[in-house]
Amino acid sequence: MLRIVCAALAAIGLAATARAADRPNIVLVFTDDHAYQAISAYGDARKLIETSNIDRLAKEGVRFDRALVPNSICGPSRATVLTGKYSHANGFYNNTNSRFDGAQTTFPKLLQKAGYQTAVIGKWHLVSEPTGFDHWHILPGQGRYYNPPMNLNGKQVQHKGYVTDLISEFSTDWIRKRDKSKPFLLMTQHKAPHREWSPALRHLGHDKDRKYPEPATLFDDYAGRGPGAKDQDMTLEKTFTQLDAKLVAPPGIDAEQLKEWNAYYEPRNKAFHEAKLTGRNLVRWRYNRYLHDYLGCIKSVDEAVGKLLQTLEDEKIAENTLVVYCSDQGFYLGEHGWFDKRWVYEESLRTPMLARWPGMAKAGHVDKNLTSIVDLAQTFLGAAGVAAPNDMQGASLVPLLKGETPKDWRKSFYYAYYEYPAPHHVIPHYGVVTDRHKLVRFFVPKADGTASPDYWELHDREKDPNETKNFVNDPAYANTVKELRAELERLRKELKVPETMPKEAYGGLFQAPKPKKK
Ligand code: CA
């Protein structure tokens, strides 16, 4: 039913598309680990940063306030964007041992077939080489912040400079030199602000040694939830390394750059060593260092968005270009004492997503529906007037861009995370998310088919916005649990989730364990 209505609405959308914007260009600006808390348009209470260029997309287009990811981790999100499918359907579950099957159908391939020229520039992170792109210029694996080696259409190249600036320059150059007789798809995909959060040298000291407001859960004790929340390895307290803290220089930096890097970090690191901080004061120091570095990376991303929008104007194609900004997932900026992502909890489940499409997307509109990066493939195909395959698992956002919510738009969303135990020791889980609740099963599968531990959490964001309490055994929630259990089963059926996942889905879980680090 949803599919039929969505198809009808997509058809209405397409008729309008043909009138207002025949075969629009499509630009996806995709960042890695960009928390919505670090985009000023999202109005975080801590007021961490001004992102005036990214904010333009909210003013001139639509801000999606509850854009969710199906599996909150880098590679799987990228595979989801390309295929419009969940991890269990596209085969890319985790960053440990998954490899993207480039033979499967992706939206860039379908656009290419429909006459679009296609390019991906920046972070790829899907192990196999890109398919469906006329031009690709990608970082190997995670890539480096300074002087990154890259792969240009199959050839190794070495660059000098800062990674975000380079990806920005290569992307705008490609737009200027494109074949003007065809519409284009450009995926400009930043490494930033991924760990280890190294800002451009010009942005060191951007915050003038600001002391950042602390999130309410910086010193979370993890009581009140199942054992998984406590038994992870992603805290500022125990997981944050010397490299994360910039107590050692980042890889790839050259002697000349290092001088400038040292001029900022050395005196501050000296003061840190002399202070011999411990306990909460050490966590507080790390939190402030982390935010200086993380937000410094965002400054370059925001500049890159500014340059991109300017290039579209210079080329006189801004009016006929759909620009979407989003991250591969959200990120913890100290909430629950964490950095990193992975959890179904809000900061990593939700990703920033903004879209501008002049004459089509309603300027200044805020969409509060449950949307997702799994919808992007069908959105881009819909915008281009290309039919989406029936086995894609999202829905086109085109009506939502116009401020119209289809009557049967999703009211619940399925989430599943797999990678375990390394890195970060986040317990695998799956569950159902609604506007208010989350009902989630956390479990470590065993080779004999049982699981241990194996428990459920119910969260109520209205009663407990920080998600520190588990209501699953509260009698007042008995009906909610029952309804959500049924909804979860319905979603698993609809999405064809297998009862038992293949063992490789879980990364290193069924391989010989590595010695546990102290
Ligand atoms: Ca990521």
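Modeller: Quick ground rule: a salt bridge is a side-chain nitrogen of Lys or Arg within 4 Å of a carboxyl oxygen of Asp or Glu. This is a predicted model, where local features need pLDDT of at least 70, side-chain atom pairs count only at pLDDT 80 or more, and totals for chains, interfaces and linings use all residues. Residues are numbered from 1 along each chain as its sequence is written, and side-chain values use heavy atoms, with hydrogens and water left out.

Biologist: Why is Glu-346 with Lys-438 called a salt bridge?

Modeller: Their closest N and O atoms are 2.6 Å apart; that is within 4 Å, so the pair qualifies. Between domain 1 and domain 2 the count is 3 salt bridges.

Biologist: How do you know where domain 1 and domain 2 run?

Modeller: The bounds come from an automatic or database domain assignment. It gives 23-198 + 289-411 for domain 1 and 414-506 for domain 2.

Biologist: What makes a residue part of the contact between them?

Modeller: Having heavy atoms within 4.5 Å of the other side. Domain 1 gives 29 residues and domain 2 gives 33.

Biologist: What does "bury" mean for domain 1 and domain 2, and how much is it?

Modeller: Buried area is the accessible area (1.4 Å probe) that two parts lose on being put together, summed over both. Here that comes to about 2,500 Å², 57% of it on carbon and sulfur atoms.
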